[in-house]
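Biologist: Could you take me through some local features of this model, with the cut-offs stated as we go?

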Amino acid sequence: MKRLLGTIAVAFVGGMMALGAHSILAKGHQEIYNPGYTPAQFASYTGGAPVVGPDLTVAAQIGVHAVVHINTEYQRKPNYYDNFFDLRDFFGDRQESENIQGSGSGVIVASDGYIITNNHVVDEATSIKVTLENKRTYEAKVIGKDPNTDLALIKIDVVNLPTIPFGNSDQLKLGEWVLAIGNPFNLNSTVTAGIVSAMARDINIINGADGKGVEAFIQTDAVVNKGNSGGALVNQNGELVGINAAIASPTGLYAGYSFAIPVNLVKKVYKDLRESGKVRRGYMGVAFQEIDNQLATDKGLKVTDGVYVGQVFSNSAAEKAGIKPKDVIVAIENNPVSSASQAAEIVATKNPGDKIKISLVRDNKPIELYVVLMEKQSTEIVN
């Protein structure tokens, strides 16, 4: 009996000790997982909103106020052969011309009403109307046009207008975020975003007054459609870095890539057109060729970065400076060049009489020359 009572007593004491230990441990467990404590998370935790890009709201606000909607009217004369058998000729009802409407965009670059747009937006227009972001509409006149860059300067008689500051297109980097602002399909003040996909792109679309124009487009994947032509390409700081001009498309609608004229070229054309109504363009007198594997092999070139001088024109600035066929130009004004379009763009931003530094390789030896640019005028003057 005594043995049984002893066993019960030991069991009782053990049970009490177990309950006490459980109470202490439970209290400790509650302190460790206090509801006010935030446990650490793995770096792959995806419960929050993902960051997909920079904040472009300020740049968009700056841009939309200075981008205008341009509506144009043209007179298209009927084709003689199309109307040769038109019975309306016999009854005197056939119209001598047909009015057609056009639409595009423009960028206010001066508060006193100067607006940059594409030449193809206003070329041959009989009427140009500009609608501001505040919905007010004004008649515009053409100050000057430059078919070789597809740029034009127009003006409205208004002051104290909002403007976009000029940026520097030479400082753009691949992958940098940009905004395209314009009026596609007559949808006013439309903003789309993308990145810089390529620089100095030649897409063989500009036919200048004397042949092929200057093409060194900024390529982006910002959505651009019909009506965006002449609108702004803006960087994250709200600075103008390009004028939207074209798209690559098999359908006529946006299909992935758009192209803008770099602002450094725009600034030169704007200054010339505002001052004199025409562009005075520097001229070297060199036919550039792209260097690929085939050309490098055929010509025995050890330098593949640069542009090959295929021809030097007689009595040109290049000939007078000592540039020769078969030279490889690797830099202009200390700016490395890797394509003919890039070299042409740099020269196109200069004025006649400017002395520019040319770094080249001849017979695999580096040479530096200075070229005093001559004048090549190919701008349509507006009286």
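**Rings and loops**

Modeller: Under a rule that pairs rings of Phe, Tyr and Trp (its six-membered ring) if their centres lie within 6.5 Å, the count comes to two aromatic pairs. This is a predicted model, in which local features need pLDDT of at least 70, side-chain atom pairs count only at pLDDT 80 or more, and totals for chains, interfaces and linings use all residues. Residues are numbered from 1 along each chain as its sequence is written, and side-chain values use heavy atoms, with hydrogens and water left out.

Biologist: Which class describes the pair of Phe166 and Tyr270: stacked, edge-to-face or tilted?

Modeller: Planes under 30 degrees apart count as stacked, over 60 as edge-to-face and the rest as tilted. The ring centres of Phe166 and Tyr270 are 6.1 Å apart and their planes lie at 50°, so the pair is tilted.

Biologist: Is Tyr270 buried or exposed?

Modeller: Buried means under 20% relative accessible area, exposed over 50%, and partly exposed in between (1.4 Å probe, protein chains only). Phe166, at 28%, counts as partly exposed. Tyr270 has a relative accessible area of 11%, so this residue is buried.

Biologist: What is the phi of Asn364?

Modeller: Most residues other than glycine have a negative phi. Asn364 is found in the loop between β21 (355-362) and β22 (365-372), where strands are DSSP runs of E of at least two residues, numbered from the N terminus. Although Asn364 is not a glycine, its phi is positive, at about 65°.

How values were computed:
Helix = DSSP H or I, 4+ residues; strand = E, 2+ residues; numbered from the N terminus.
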